[in-house]
Amino acid sequence: MKIIACYKLIPEEQDITVNSDGTLNLNKTDAKISQFDLNAIEAACALKQQNSDIHIVAMSSGGEALANPKGRKDVLSRGPDELIVVSEPGLENALPHQTAAILAAAAQKSGFDLILCGDGSADLYAQQVGLLLGEALGVSAINGVSRIISLSDTQIQVERTLEDEVETLTLNLPAVVAVSTDINAPQIPSMKAILGAAKKPVQAWQSADLGLGDVSGYTTLLSVLAPQQKARARVIIEGDGEEQIAEFAEHLRKVIG
Amino acid sequence: MSKFSTVWVFSDAASRLPELMGAARQLGEDVRVIVQGNEQSAQAFRLGADAAYDLGSIPADRIIEDYADTLVQTIKNHAPNALVLLPATRRCKALAARLGARLTAGVVNDANELVLQDGHIVATHMVYGGLAFGKEQITTPYAVTTLNSGVFEVAQEDSARTGSATSLEFVAPKNPIICVSRKVKQSNSVDLGKARLVVSVGRGIGNQANISIAEALSNAMGAELGCSRPVAENEKWMDRERYVGISGIMIKPELYLALGISGQIQHMVGANGAQIIMAINKDKNAPIFQYADYGLVGDLMKIVPALTEALKR
């Protein structure tokens, strides 16, 4: 059985700063695997532990950052047997419908029984790629999966956590399953896994290899801006003497009510 | 065009319908509601629906998402363009993607703002974990959005308004998903998101043992205890579910009291929703004081126990 685990490289959010005009400064950010996609990769590896016949393909579509050998080793050290990337300049700005079209073409070319995705990427958090991927491939797709109950050659049974209820669902294979963060805690790769990652096969494709024409977007991202700061009173008391503490305590008492 | 000619509304959660109707009335000339049963149909008309379409009762083994083809057929039959409004629930996000694919429509989830601009919907939604908001324009004739709660005024019910819904014939999907069972969710043990008062601990507290002084203050206040990312992830002094910030939780308490937290933007994104922010930090140049309503510059080990005593009095 072939499982594709999809992931996206995103800017490390801890390194993002906000410019004075509210735009984001991403210049000092490293590319990292989007957190929720680590859950998808981990879920694929957990299935492989139960069934050694599983072959895991990590798959990503994006810009030139995907060419970085360190990043490739990072994803492969987390367990996948093989990596397929579709990368070319500009794809780092692809919107969900475009990403889904590219991943669908790549998945069709590579073949698959099951595709695992994260529920959304930690940058745009559009929460659509997995679902749209299912649509583009003409297979069942579902989001919010918090547990994989069973997997056979023909079906997958999953638990899906909604706002106020938990569903048990059966999907016929092939299928796309988008997992939520509560499905597992992704492991940190061991040194052995990191060393082994370099030996695993990598295929790099471009959208032309997939016979894809121009996939135009359905939406246009007009701007990305940090919200205006709420005005705060900014009453700052300096010193930790009795008087100052008493003054602060008085403010605190008023707020608590 | 100041309004969409047609807006379609569907809500899997009955409680969300009044606000969706408020949004639909504001954005559309003609508001059509997909309902489940007579009761919701009557409510939709009272809330101002121009027409309602009834899915009927849904078999227990079927999921609402599998009605995508049914909805699409109805929407396409009516007009070649429309806005489809859904609540930002997990179920409706799955439905929204399916509708988007079948209507070749752009989809935006979790909209915090929705306006018409040059005849197209522009939706604002949170990106980069809350650091920023992305404004996205949907350029396709059909547009699909899932809306966060609290964005639009709720539509008021007018009991004089009535109507009858058209029954919809279920269009079976090509790949149905079978629902084996459903159960009501157990709630989490800690729910910082619902706490009225939150005392939050940063690395400035020094060590894990010192957290007890923050705990004592929090108990005296009747507050929940939260923390910053380093405390949960680097030091592992507290549980991850208590971590406030960009990849943790976003909270909107009445008071956020930050103890020894420097106040990086990635943390403040989670706390900025607080009505009042108070901060104690030994460094008077710490960014936290820029975000604070009341700040105290000094030694936590001296201040926190003194505050606890003061509150007991």
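This briefing covers the interface between chain A and chain B. The model is predicted: local features need pLDDT of at least 70, side-chain atom pairs count only at pLDDT 80 or more, and totals for chains, interfaces and linings use all residues. Residues are numbered from 1 along each chain as its sequence is written, chains are lettered from A in the order in which they are written, and side-chain values use heavy atoms, without hydrogens or water.

**Extent**
- Chain A gives 74 residues to the contact and chain B gives 87 (heavy atoms within 4.5 Å).
- About 6900 Å² is buried between the two chains, 55% of it from carbon and sulfur atoms (accessible area, 1.4 Å probe, that two parts lose on being put together, summed over both).
- A:Tyr218, A:Arg232 and A:Phe248 supply 11% of the area that chain A buries against chain B, more than any other three residues.

- Nine salt bridges join chain A and chain B (a side-chain nitrogen of Lys or Arg within 4 Å of a carboxyl oxygen of Asp or Glu).
- One of them pairs B:Arg91 with A:Glu167, with the closest N and O atoms 2.8 Å apart.

**Elements**
- Helix 6 (242–256) of chain A is among the elements that give two or more residues to the side touching chain B (helices are DSSP runs, H or I, of at least four residues; strands, E, of at least two; both numbered from the N terminus).
- The largest share of that side, nine residues, comes from helix 6 of chain A.
- Strand 15 of chain A pairs in the parallel sense with strand 16 (residues 294–297) of chain B, over four bridges (pairing needs at least two DSSP bridges).
- A:Val235 stands opposite B:Tyr294 in strand 16 of chain B.
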